[in-house]
Amino acid sequence: MPLNKNYWEERYQKNETGWDVGEISTPLKEYIVQLTDKSTKILIPGAGNSYELEYLLNQGFSNVFVLDFAQSPLDNIQKRIPTFPKDHLICSDFFEHHDTYDLILEQTFFCALDPSLRKDYVKKMQSLLRPNGKIAGLLFQFPLTEVGPPFGGSKEEYVTLFEKYFTIKTLETAINSIKPRLEKELFFIFTKK
């Protein structure tokens, strides 16, 4: 089955969301704590139920947008956070989204995409970021599989994909992943060239 809008909507409708840990991941939480400019315009693509959004709001960030292919997780967010602006909940194909941001948070969205879209993902991320904008978050670190999602990847592959468009500030095994993902996640910070 193609990984399209219907695929993701069906996964949410059937509650087949094994990737959803029910809270913000520790590596992203610890990164967000270090951010001081509360006016930073942030996008969370492939956001799912976006516990990152909730954490950002609790930390005083308000210029946050979430994007997902499926409507159900966006509805879930609206139920959990009824005061969150509806126009900051974007139900759309990531590759058709047009705006610019200071920061994009990546919570394993990349590894949920068909691997044939990886080069397009990198170019799209670059186009969505303002000058000196950053993409930060988590990428899976296990051998690339033919069956997914998630699809894996390696540090070497990520460097090759991103280095043309981004300065690689950090790309290292996350030391604070949840137990089932220990040694399987890379924390990264890339700055737009």
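Q: How do you know that the disulfide count here is zero?
A: This is a predicted model, and we go by a cut-off: a disulfide needs a pair of cysteine sulfur atoms within 2.5 Å. By this rule the count comes to zero disulfides.

Q: What makes cysteine 111 count as buried?
A: Buried means under 20% relative accessible area. Cysteine 111 has 0% relative accessibility, so it counts as buried.

Q: And why is cysteine 91 called partly exposed?
A: Partly exposed lies in between the cut-offs, under 20% for buried and over 50% for exposed. Cysteine 91 has a relative accessible area of 27%, so it is called partly exposed.

Q: Why is phenylalanine 109 called buried?
A: Its relative accessible area is 10%, and buried means under 20%, so phenylalanine 109 is buried. Its place is in the loop between strand 4 (101–107) and helix 5 (118–128).

Q: Which residues is phenylalanine 109 in contact with, leaving aside its neighbours within four places in sequence?
A: They are Pro45, Gly46, Phe94 and Tyr121. Contact here means heavy atoms within 4.5 Å. As for proline 150, 41 residues away along the chain, its C-alpha atom is separated from that of phenylalanine 109 by 8.8 Å.

Q: What makes strand 3 and strand 6 edge strands?
A: Start with the sheet: it is open, has seven strands in the order 3-2-1-4-5-7-6, and its pairing is mixed. Strand 3 (89–91) and strand 6 (166–173) each have a single partner strand, so one side of each has no neighbour in the sheet. From one strand to the next, the twist averages 15°.

Q: How do you know that strand 1 and strand 2 pair?
A: The rule asks for at least two bridges between two strands. Strand 1 (residues 42–45) and strand 2 have four, in the parallel sense, so they count as paired. Here isoleucine 44 stands opposite valine 66 in strand 2.

Q: What about strand 7: which strands does it pair with in the antiparallel sense?
A: Strand 5 pairs with strand 7 over seven bridges, and strand 6 also pairs with strand 7 over seven bridges. Phenylalanine 188 in strand 7 has glycine 137 opposite it, and leucine 171 stands opposite phenylalanine 188 too.

Q: Why is strand 7 called mostly covered?
A: Eight of its eight residues are buried. Glu185, Phe187, Ile189 and Thr191 point one way, while Leu186, Phe188, Phe190 and Lys192 point the other way. In a regular strand, side chains alternate between the two faces of the sheet.

Q: What covers the buried residues of helix 1?
A: The cover includes strand 2 (64–68) and helix 4 (71–80). The buried residues of helix 1 (residues 5–13) are Tyr7, Trp8, Glu9, Arg11 and Tyr12.

Q: How many helices and strands are there in the protein?
A: There are six helices and seven strands. Along the sequence they follow the pattern α-α-β-α-β-α-β-β-α-β-α-β-β.

How values were computed. Residues numbered from 1 in each chain as written. Predicted model: local features only at pLDDT ≥ 70, side-chain atom pairs only at ≥ 80, totals over all residues. Heavy atoms only, no water. Buried < 20%, exposed > 50% of the residue type's maximum accessible area, 1.4 Å probe, protein only. Helix = DSSP H or I, 4+ residues; strand = E, 2+ residues; numbered from the N terminus. Axes fitted to C-alpha atoms, helices over the stretch in contact; angles between N-to-C directions.
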